[in-house]
Amino acid sequence: MTDKELGFVRRYIFSTDHKIIGIQYILTGFLMALVGGALAMMMRMQIAWPGRQWGFLEALFPNGMAGGIMTPEFYISLVTMHGTIMVFFFISYVLVSGFGNYLIPVQIGARDMAFPFLNMLSYWLAALSALVMLASFFAPGGAAAAGWTAYPPLSAIASAVPGSGLGQTLWLLAMALFIFSFTLSGLNYIATILSMRAPGMSMWRLPLTVWSYFVSAVVGVLAFPPLTAAAIMLLFDRHFGTSFFLPDGLVVAGEHLPHQGGTPLLWQHLFWFLGHPEVYVLILPALGVVFDILPAFTRKPVFGYRMTAWCYLAIGALGMIVWGHHMFVSGMNPYSGEYFSIMTMVITIPSAIIGVNMLGSVWGGSIRLKTPMLFALGLIAFFGTGGFGGIFLGNATADIQLHDTYFVVGHFHFMIGGVTLLGTYAAIYFWFPKMFGRMMNETLGKIHFWATIVAFYSIFLTQHFIGLAGTPRRYYAFIDYEFLAPMRGMQTFVTFAAFVMGAAQLLFAVNFCWSLLKGRKAGVNPWRATTLEWTLPSPPPHGNWTGELPTVERWAYEYSADEAEEDFTGQTVDASSVPVTF
């Protein structure tokens, strides 16, 4: 069927077109980011000016901001919901589900995903999970308040804190829906990549973006089920009297609870068995995006193509067996700690190779500093900075000292926040012309980049030093701790930088909306890139290719070949007309 024959509802609402579903994910993710970002601003206001009265917030949160002053319980809810929304409902939706859906079929030469109806179902389950998560703000007692890791017993006892009631139950239901949706999408990605590639598109001709989504999907499918089981077990502990995660001897509000035989450590194992691979589920697509962008703006082939793909696979495999380094302070056997330390150090090897390959892809190129390229280069910087901090936290001895300090906050924001955020923006600025048929404004894009990267370093590099000084994370206020008095000025500086960061993202929103309506019209291939999607109209029609599917003649990154008339050679160009270089 053509686009017009589908009608508005089938075309834009309950669409089975992978491109529309991808855009739906992207828009949903950015709406959730608005919420998650606003929560972060409120947290920073409390940390910089604890106890100050903010009258305008009382109307929005009459219980949490009674009299305009934030309560400790509400602050913990903000911490919990900010982390949950940004990790699972922003980055996962936009970068993994959004761009994964949009790019995989058009980059491998398919008309759609392997299971289009299942794809639509995945999105609506994801949208429902987002609504359930937001609904927890309106539950009696407020939103969940056990941290984004939902450690028991705080998350397992409904009377522990105000947010431990219905708010925590909604959190668990939302996560179960999210995981179900994400797993369905992962299976769809794997089936599509393995079985629907165009003629000639071998695995070693796939763009590195597709390779990254393939490994990310495999890791996600393997890692998510344990957390699904854990969430169901936790619901049983909360509502049906089981004791999977609750030991005996617990006393709450003077009442001895009847639970016995369980252990909170079981939850930690199950959570981090998903939680650590989730880092790679999010980061690998960001790295893949950059490997597609670098050659387009250096006009030279990717450096170390096959080695990079093997490194993706190595990271995916090693990422499944290092979860215990999040639990060094849980009292684990020292030999187990030594194993997790060693394996965590081993995973730095393929990560370092990827970093070298990214730099090698830039080295000697004819660099064009367009906005997508700026964000790609910024990602390389963040990958190095975040990786350096990870060396400390992967070592049990150092981690025991730094655990639960702002050093950890700074580190994981660089890796799971910064690398993925810049990868997301790089992808948007690069593929916006293909998605909507218009170019984004370059000047606004560059202002957005520089404001973002300067503010991000100001916030999270500073937090490394605040953490080294011993400042614990998740604390409501630091005014009672004299040894932290020298850090108060730095905390205020971080808060001002956070507001600059927030303003920069609003500028991006303005650019996105303005460009959507008034941006300069884009041609088929405005970046003069080589992969298959750049042979399609901008935007591509339903079904992508109107005639026969393309035949792939060469790998994905043929730039500046000696005998070619132009400085790029698309994957469909006849191999007899221009020699294949790889």
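1. Helices here are DSSP runs of H or I with at least four residues, numbered from the N terminus. With that naming, asparagine 544 sits in the segment after H16. The model is a predicted one.

2. Start with the backbone at asparagine 544. This residue is not a glycine, yet its phi is positive, at about 65°. Most residues other than glycine have a negative phi. Is asparagine 544 buried or exposed? Its relative accessibility is 2%, and buried means under 20%, so asparagine 544 counts as buried.

3. Alanine 150 also deserves a look. Its phi is positive, about 50°, although alanine 150 is not a glycine. The residue lies in the loop between H5 and H6. Alanine 150 counts as buried because its relative accessibility is 0%.

4. Next come the cis peptide bonds. Most peptide bonds are trans. The bond joining proline 152 and proline 153 is cis, with omega about 5°. Proline 153 belongs to the loop between helix H5 (116-135) and H6. Another cis bond runs from serine 538 to proline 539, where omega is near 0°. Proline 539 is in the segment after H16.

5. Now the charged pairs. Side chains of opposite charge can pair when their charged atoms come close. How many salt bridges does a search of the whole structure find? The search finds nine. One of them joins lysine 19 to aspartate 17, with the closest N and O atoms 3.1 Å apart. Both partners, lysine 19 and aspartate 17, are buried.

6. Arginine 368 pairs with aspartate 567 in a salt bridge, and their closest N and O atoms are 3.8 Å apart. This pair ties together distant parts of the chain, 199 residues apart. Arginine 368 is in the loop between helix H11 (348-362) and helix H12 (371-393), while aspartate 567 is in the segment after helix H16 (488-518). Arginine 368 has a relative accessible area of 37%, so this residue is partly exposed.

7. Aspartate 404 and arginine 473 form a further salt bridge, with 3.2 Å between the closest N and O atoms. Here too the pair links distant parts of the chain, 69 residues apart. Aspartate 404 lies in the loop between helix H13 (396-402) and helix H14 (406-436). Arginine 473 lies in the loop between helix H15 (442-468) and H16. Aspartate 404 counts as partly exposed because its relative accessibility is 33%. Arginine 473 counts as buried because its value is 13%.

8. Which residues do salt bridges with shared partners join into one network? They are Arg299, Arg368, Arg528, Glu566 and Asp567. The Arg368 and Asp567 bridge described above has its closest N and O atoms 3.8 Å apart.

9. Turn to the rings. The structure holds 68 aromatic pairs. In one of them, phenylalanine 271 and tryptophan 272 have ring centres 5.0 Å apart and planes at 90°, so the pair is edge-to-face. Phenylalanine 271 and tryptophan 272 are both buried.

10. Phenylalanine 375 and phenylalanine 449 have ring centres 5.1 Å apart. Their planes stand at 80°, so this pair is edge-to-face. With a relative accessible area of 0%, phenylalanine 375 is buried. Phenylalanine 449, at 4% relative accessibility, also counts as buried.

11. Threonine 183 is in helix H6 (residues 166-195). Its relative accessible area is 17%, so threonine 183 is buried. What does threonine 183 touch, not counting residues up to four places away in sequence? Its contacts are Val221 and Phe224.

12. Last, the surface. Phe8, Val9, Tyr12, Phe14 and Trp124 make up a nonpolar surface patch. Together they have about 500 Å² of accessible area. Helix H1 (residues 3-13) supplies the largest share of this patch, three residues. Valine 9 lies in helix H1. Its relative accessibility is 47%, so valine 9 counts as partly exposed.

Key: Residues are numbered from 1 along each chain as its sequence is written. This is a predicted model: local features need pLDDT of at least 70, side-chain atom pairs count only at pLDDT 80 or more; totals for chains, interfaces and linings use all residues. Side-chain values use heavy atoms; hydrogens and water are left out. Patches are made of residues with over 30% relative accessible area and no salt bridge: like charges are joined within 9 Å, nonpolar side chains (Val, Leu, Ile, Met, Phe, Trp, Tyr) within 5 Å. Accessible areas come from the Shrake-Rupley method with a 1.4 Å probe; for residues, only the protein chains shown count as cover. A salt bridge is a side-chain nitrogen of Lys or Arg within 4 Å of a carboxyl oxygen of Asp or Glu. Helices (H or I, at least four residues) and strands (E, at least two) are DSSP runs, numbered from the N terminus. Buried means under 20% relative accessible area, exposed over 50%, partly exposed in between (1.4 Å probe, protein chains only). Contact means heavy atoms within 4.5 Å. Rings of Phe, Tyr and Trp (its six-membered ring) pair if their centres lie within 6.5 Å; planes under 30 degrees apart count as stacked, over 60 as edge-to-face and the rest as tilted.
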